[in-house]
Amino acid sequence: MLSAATDESPSRLTWLVTVNAVPEVQTPLEVGLRGSTAIVLGAGPGIGATTVQALASAGCVVLAADLNDEAARSTASTSDGEVHPVHVDVTDRASVQTLFAEAEASFGRPSAVVNVIGISRAKGLADTTDEDWHTMLELNLRQQFVVAQEALRVLARPGSYTAVASINGTVSSPRNAAYGAAKAGLVSLVRSAALEFAEDGVRVNAVAPGIVETPRLKGFFDSTGMREEFAVAVPMKRVARPADIAGAIVFLVSPLAAYITGQVISVDGGASIKYPLPLTG
Ligand SMILES: NC(=O)c1ccc[n+]([C@@H]2O[C@H](COP(=O)([O-])OP(=O)(O)OC[C@H]3O[C@@H](n4cnc5c(N)ncnc54)[C@H](O)[C@@H]3O)[C@@H](O)[C@H]2O)c1
């Protein structure tokens, strides 16, 4: 069953638009989403949680769905606005169907579905096992097919489906053959679905992040001291914050992007357009 969002947390966050390292621009978003319903799958800490907070701050009623119930509850309790933590296992089609059926029964047809779920496991091709391949394709691609298919049945018209891909789906790096193949497949899935549903009024897009300092990667950076090494490789000289990715998602979901479909927006500080000559600092 859908459970109610808890209101008690003393540490509720206001989602803010932030601009690079300069003082934060404190602007609650007004982008035409007030009162609409959005479902975010993969609402645990990181890009998903920040996306939930951003959409709630923009006035959406948000269903924060995750396999990890505690993580979904935590996201809800640290969001401003109306956020309901809900359970889903995207590897199980029946669970996805239940999520959308109960959401529709409680809140009506959602106008946006955002699927953040994905997993990366860097491994050389020679060491990649069948199990690694299966997991990468399952969690980065097949579940997106299942969630998109079920979402497209229930989404309001106009509506939108937004997937989180990766710049690994459009450019390549070593030790990412399975992950990159899955994300490249997701890019193709998004484009094809966009064409099929364009006339019907559903826009289908993807955001492709570069390196994002989620709580998980923060632990890696803190323990290895490699934050700077990653940052200097990015033209903008910093890795992304989850809010950078959430901002692009809110834009794609909103009426500001009403004429945008089938697109993959790279949010990577310029990393994917850089030819690696040492000509500039
Ligand atoms: N972090 C980065 O640097 C980075 C870079 C490029 C792309 N991405 C993409 O961004 C997305 C989010 O990345 P993140 O680092 O925030 O991920 P994360 O691993 O921190 O979060 C993923 C969430 O998905 C949930 N989840 C996992 N399996 C599930 C299932 N079967 N059913 C329902 N929920 C499930 C997890 O509980 C977790 O809350 C992924 O698609 C990832 O590929 C991340």
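User: Happy to start in the middle of the protein: of the 72 residues in the largest nonpolar core, which touch the most other members?
Analyst: Please keep in mind that this is a predicted model, where local features need pLDDT of at least 70, side-chain atom pairs count only at pLDDT 80 or more, and totals for chains, interfaces and linings use all residues. Residues are numbered from 1 along each chain as its sequence is written. A nonpolar core is a set of buried Ala, Val, Leu, Ile, Met, Phe, Trp, Tyr and Cys residues joined through C-beta atoms within 7 Å, with buried meaning 20 or more other C-beta atoms within 10 Å of a residue's own, exposed 12 or fewer, partly exposed in between, and C-beta atoms placed from the backbone. In this core of 72 residues, the members touching the most others are Val40, Leu55, Val62, Ala64, Ala65 and Val207.

User: Which helix gives the largest share of this core?
Analyst: Helices (H or I, at least four residues) and strands (E, at least two) are DSSP runs, numbered from the N terminus. The largest share of the core is eight residues, and they come from residues 177–197, which form helix α5.

User: In β3, which residue is the bridge partner of Asp66?
Analyst: Strand β2 (residues 61–66) runs parallel to β3 and is joined to β3 by five bridges. Ala65 stands opposite Val86 in β3. The partner of Asp66 in β3 is His87.

User: How many of the residues of β6 are buried?
Analyst: β6 pairs with β5 in the parallel sense over six bridges, and Val207 in β6 has Val164 opposite. Val202, Val204, Ala206 and Ala208 point one way from β6, Arg203, Asn205, Val207 and Pro209 point the other way, and all are buried. The number of buried residues in β6 is eight of eight.

User: Why is Leu186 counted as buried?
Analyst: Leu186 lies in helix α5. Its contacts, leaving aside neighbours within four places in sequence, include Leu141, Ala163, Gly169 and Ala206. Leu186 counts as buried because the number of other C-beta atoms within 10 Å is 27.

User: Which residues come nearest to the ligand?
Analyst: A residue is near a molecule or strand if its C-beta atom, placed from the backbone, lies within 6 Å of it. Helices α1 (47–57) and α6 (215–224) each supply at least two residues of the shell around the ligand. Of the 25 residues around the ligand, the nearest are Gly42, Gly44, Gly46, Leu67 and Gly118.

User: Which residue does a cis peptide bond join to Arg157?
Analyst: Most residues other than glycine have a negative phi, and most peptide bonds are trans. In the loop between α4 (130–154) and β5, a bond with omega of about 0° joins Arg157 to Pro158.

User: What is the phi of Arg175?
Analyst: Arg175 lies in the loop between β5 and α5. Arg175 is partly exposed, because 15 other C-beta atoms lie within 10 Å. Its phi is positive, in a residue other than glycine, with a value near 65°.

Notes:
Two strands pair if DSSP finds at least two bridges between them. Two residues are in contact if their C-beta atoms, placed from the backbone, lie within 7 Å.
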